[in-house]
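Please look over the sequence and the three-dimensional model shown here. The report that follows describes a few selected regions of it.

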Amino acid sequence: MGSEILWFGEVRRGDTARVGGKNASLGEMVASLGEAGVVVPDGFATTAECYRRFLRHNELEERLEEVLGALHREELSLGEAGSQLRELVLSGEFPEDTKESILGAYRELSDRYGEGEVDVAVRSSATAEDLPEASFAGQQESFLNVKGEEELLQTCRRCFASLFTDRAISYREQKGFDHMSVALSVGVQKMVRSDLSCAGVAFTLDPETGFPDVVVINGAWGLGELVVQGTVSPDEFEVYVPLLREGKRPVISRKRGGKSEKMVYGGDGAATEVVETSREEQDRWVLTDEEVVRLAGWCAAIEEHYGCPMDIEWAKDGESGELFVVQARPETVESRKAAGQLTTYRLEETSEVLVSGTSIGTAIAAGKACLLESPEEAERFEDGAILVTRVTHPDWVPVMKRAAGIVTELGGRTSHAAIVSRELGVPAVVGARGAMDAVKEGQGITLSCAGGDQGKVFDGELSFRREEMDLSELPEVKTPVMANMANPAAAFQWWRLPMAGVGLARMEFIIEHLIKVHPMAVASPSAVSEEVREEIEALTRGYSDGREYFVDRLSRGIARIAAAFYPRPVVVRTSDFKTNEYARLLGGEEFEPKEENPMLGFRGASRYDSDLYREGFALECAALKRVREEMGFSNVIVMLPFVRTLGEADGALAVMARNGLKRGEEGLKVYMMCEIPSNVVLAAEFAERFDGFSIGSNDLTQLVLGIDRDSSLLSASFDERDPAVERTIEGFIEAAHRAGRPVGICGQAPGDHPETAAFLVRCGIDSLSINPDGYAQVVAAVSQAEKSPS
């Protein structure tokens, strides 16, 4: 076939100048990653020489340069020049031998698949495309379900012409690429019948925070174009790679998308069409955990082979059930951010949440909302406004560059709006359904992506703080400083901080915000009203039953926090709601007693071996066991809260053991919160039952001083620095150390008061656990205390 056609198996990644980055990458995977199990559909590529010969044969080079010159002299607008350039290319004819080479390869590909005329995907691959320093996302065209010789030739011409789309011309101008030195290769690849199944995109790092140890997979029903274009909200899966390599199944997150539409093969002569999905499809996950694990393994192998984070497109064939990788390119944004810098944002006030969606980036922006239906309305947009629209595509980029923030009703993390927002460093909330109705033109709004993977749009222009932290300037300390964590969605934001692990992961946040159902309501559904049962059924749709819903959601929430810090210890406290807080969960009123003082009532370890909650605690244990043993997070330490007596301790530990969590087995350590005077008095006895302790300074202060910590009348007297509290803490640390047990602290005091951090260091505390945004302040105080121990 000469120099104009190359099969993927003949191409390597060093052949970018001949076949462009996209096709060079396909060839590299075909040649080098088969042993790793990676399956790539077969195909071939036209070379850059084929494109240049096409130009010469039709005497187009000078004519193209004339139009580009007129553009530079501003004799033509970008739109006029682009239209003329594309028309010139589309009017050309292939040299006869080139035509026969393309069709000969197509016939051979059809023979390889045992078909008369195989259906193919035809994709453009520019010779400057998919290089690490630039992203050409969406600038050249791709065409799906192309079938037949004449249709293939015409589609190849359309690919050549797409080198001169308005957005491609504009991007090359911006990046300084010479238009005529960039050539175009066409990739012709066997279609995967994902129109009968699903397809999507994967990243080998978290695209918002740069956390490097996960594979993030997005997928929706049908052909993958709607995921890439951002016109559908996909399912999302996250897999922790280091434990995947150890043979575990660490799918640490699953989020179900709306998946309201899908692209399928078209009828009446159309290559494709978009149709609505069924309710059953919307409720069903596009991939099983087994498929997610297999695909993530392939993605990890691709990243390892290329030596850099990758952006990968995948598809599942609905006829064979097989998974395929159909594209792979370097990730171009997060992987190039400075590793030694951490920028954090924090809202200093709050207001009504108008709409929420998927956060892109971790920043906050405030400004006036500008609602646009199409980029043709760009003249209405004022620099620094917040763009609110239904969905974006490449023609929106000039407006997006002028925006302080972006809100779209459709799309996920791989949508056009998400990709461009990351490149521009502009925060965005995508998939914010109803945004065009909830937000008014000219309304002051604040867009926050600082709270994790859920982005929120607030009413009003709120004040916020932006802080830069140079990690290289942080002092080294001997005393481990750990994190307090509650929200799994925010865990990856702090991966760059050199924290010693998590001293307190609060289970209550996951139950309240991600599960929303009282555990006893799923354990005993017959005990709740029909109305509540219907609400629970709506929440748990797609799960085998309510118990599996609870265990699945809780285990993945815990696992995401554990992954952010693995293999450093992550201390997970079992649930410590008060009865009035439990009652607010869906179905909770049926199970919770009404108490005069819930703070000192039926809470903590007293619940775990009680008939009123034993089945609920069993679900907590099942989730923790799944995290440690099935997913592999052996760094998880279980901690029991509010243990009043030795009898409560023994009862809770026995219930844990009956549910597969026996202290000492599978390396399991069990800690106890020290927050009651009885814990201090009986420190030696509790040390026989537990592997370590964490001081809860809020409850301990409350009970040592006899002050209701929620009392506004006594708030001035509530102080962890009171001599009685400090002497109690000091005595407990000494007693625990005599018994050979470590003691940490997970209350607010060290973060609020640097002198408390210094006091604890002098007492020999084994670790301090604080909110991550206070890390720099606490480390400075600890460093100073370690230098001046007296």
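## The loop at Ala605

In this predicted model, Ala605 sits in the loop that connects helix H19 (579-583) with helix H20 (614-630). Its relative accessible area is 3%, and because buried means under 20%, Ala605 counts as buried.

Leaving aside residues up to four places away in sequence, Ala605 touches Pro641, Phe642, Val643, Glu648 and Ala652.

## Helix H20

Just after H20, Gly632 adopts a positive phi of about 100°.

## The five-stranded sheet

Elsewhere in the chain, five strands make up an open sheet, arranged in the order E1-E2-E5-E3-E4 with antiparallel pairing. Strand E1 (5-7) and strand E4 (142-146) each have a single partner strand and stand at the edges, so one side of each is left without a neighbour in the sheet. On average, and with direction ignored, neighbouring strands of this sheet are turned by 20° against each other.

Strands of a sheet pair through backbone hydrogen bonds, in either a parallel or an antiparallel manner. Here, E3 and strand E5 (residues 184-190) run antiparallel and are joined by seven bridges; one of the residues involved is Val120, whose bridge partner in E5 is Lys190.

## Helices across the sheet

Helix H1 (residues 16-32) lies across E1, strand E2 (43-46), E3, E4 and E5, and runs at about 130° to E3. Helix H6 (residues 149-161) lies across E2, E3, E4 and E5, and runs at about 170° to E4.

## Ser125 in strand E3

Ser125 belongs to strand E3 (residues 120-126), and it counts as buried because its relative accessibility is 0%. Which backbone oxygen does the side chain of Ser125 reach? The side chain of Ser125 reaches that of Val19, at 3.1 Å.

With residues up to four places away in sequence not counted, the contacts of Ser125 are Val19, Gly20, Gly21, Lys22, Asn23, Ala183, Leu184 and Ser185.

Terms used: Residues numbered from 1 in each chain as written. Predicted model: local features only at pLDDT ≥ 70, side-chain atom pairs only at ≥ 80, totals over all residues. Heavy atoms only, no water. Helix = DSSP H or I, 4+ residues; strand = E, 2+ residues; numbered from the N terminus. Buried < 20%, exposed > 50% of the residue type's maximum accessible area, 1.4 Å probe, protein only. Polar contact = N/O pair within 3.5 Å; in protein donor to acceptor, adjacent residues only side chain to side chain. Contact = heavy atoms within 4.5 Å. Pairing = 2+ DSSP bridges. Axes fitted to C-alpha atoms, helices over the stretch in contact; angles between N-to-C directions.
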